[in-house]
Amino acid sequence: MPHIDVRRRHDLGRDAARTLATDLAADLEREYGVRANWDGEVLRISGRGVKGDVVATDTEFRVQASLSMMMRPLRSTLEREIERTLDEALGG
């Protein structure tokens, strides 16, 4: 079970959703040193103590991540950052 599971509905369309997912991953890379790579329709995220996926469909974003024991104290901070970024981008 992931430690972080954030979902947001949107009406951006697939291409804009993928761009937003890439931008979100870039923010996480700058702030937390994670790496992100597209694997088909899924953006795989990994880094020190973090492993997860971003799925950006025509109508929904879903960010799921598992955290190591050392990263779990940052769970709330990471989750808030993901939610804030998505809400700002989606006007929510």
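**View 1. A salt bridge between D87 and R8.** D87 pairs up with R8 in a salt bridge, and their closest N and O atoms sit 2.8 Å apart. The two partners come from distant parts of the chain: D87 belongs to helix 2 (residues 75-90), while R8 belongs to strand 1 (residues 4-9), and 79 residues separate them. How open to the outside is each one, by relative accessible area? D87 comes out as partly exposed at 25%, and R8 is also partly exposed, at 23%. Keep in mind that this is a predicted model.

**View 2. The whole chain, for orientation.** Let's step back for a moment. The protein chain has 2 helices and 5 strands, and reading along the sequence gives the pattern β-α-β-β-β-β-α. The C-alpha trace spans about 35 × 25 × 25 Å along its principal axes. A compact globule of 92 residues would have a radius of gyration near 12 Å, and the protein chain agrees, since its own value is 12 Å. Of those 92 residues, 32% count as buried. Take the contacts between residues at least 6 apart in sequence: 53% of them join residues at least 24 apart.

**View 3. Helix 1 meets a loop through R18 and E41.** Here's another salt bridge, this time between the side chains of E41 and R18, with 3.9 Å from N to O. E41 sits in the loop between strand 2 (35-39) and strand 3 (42-47) and R18 sits in helix 1 (residues 14-32), so the pair ties together parts that lie 23 residues apart in sequence. Is R18 buried or exposed? R18 counts as buried because its relative accessible area is 19%, and the cut-off for buried is under 20%. E41, at 42% relative accessibility, is partly exposed.

**View 4. The surroundings of R18.** Stay with R18 in helix 1 and look at what's around it. Which residues does R18 touch, once its neighbours within four places in sequence are set aside? The list is W38, G40, E41 and A56. So E41 turns up here as a contact of R18 as well as its salt-bridge partner, because a salt bridge needs the nitrogen and oxygen within 4 Å and a contact needs heavy atoms within 4.5 Å.

View 5. E88 and R84 meet through their side chains in a salt bridge of 2.9 Å, N to O. Both lie in helix 2, and they are 4 residues apart, about one turn of the helix. E88 counts as exposed, with 55% relative accessibility, whereas R84 is partly exposed at 38%. Elsewhere, salt bridges with shared partners join R14, D15, R18 and E41 into one network.

**View 6. Charges and surface across the chain.** Why would such pairs form at all? Side chains of opposite charge can pair when their charged atoms come close. The protein chain carries 15 positive and 17 negative side chains, and the centres of the two sets are 6 Å apart. As for the surface, the protein chain exposes about 5600 Å², with carbon and sulfur atoms supplying 48% of it.

Terms used:
Residues are numbered from 1 along each chain as its sequence is written. This is a predicted model: local features need pLDDT of at least 70, side-chain atom pairs count only at pLDDT 80 or more; totals for chains, interfaces and linings use all residues. Side-chain values use heavy atoms; hydrogens and water are left out. The radius of gyration is taken over C-alpha atoms; the globule rule is 2.2 Å times the number of residues to the power 0.38. Buried means under 20% relative accessible area, exposed over 50%, partly exposed in between (1.4 Å probe, protein chains only). Accessible areas come from the Shrake-Rupley method with a 1.4 Å probe; for residues, only the protein chains shown count as cover. Lys and Arg count as positive and Asp and Glu as negative; His and the chain ends are not counted. The place of a charge is taken as NZ of Lys, CZ of Arg, CG of Asp or CD of Glu.
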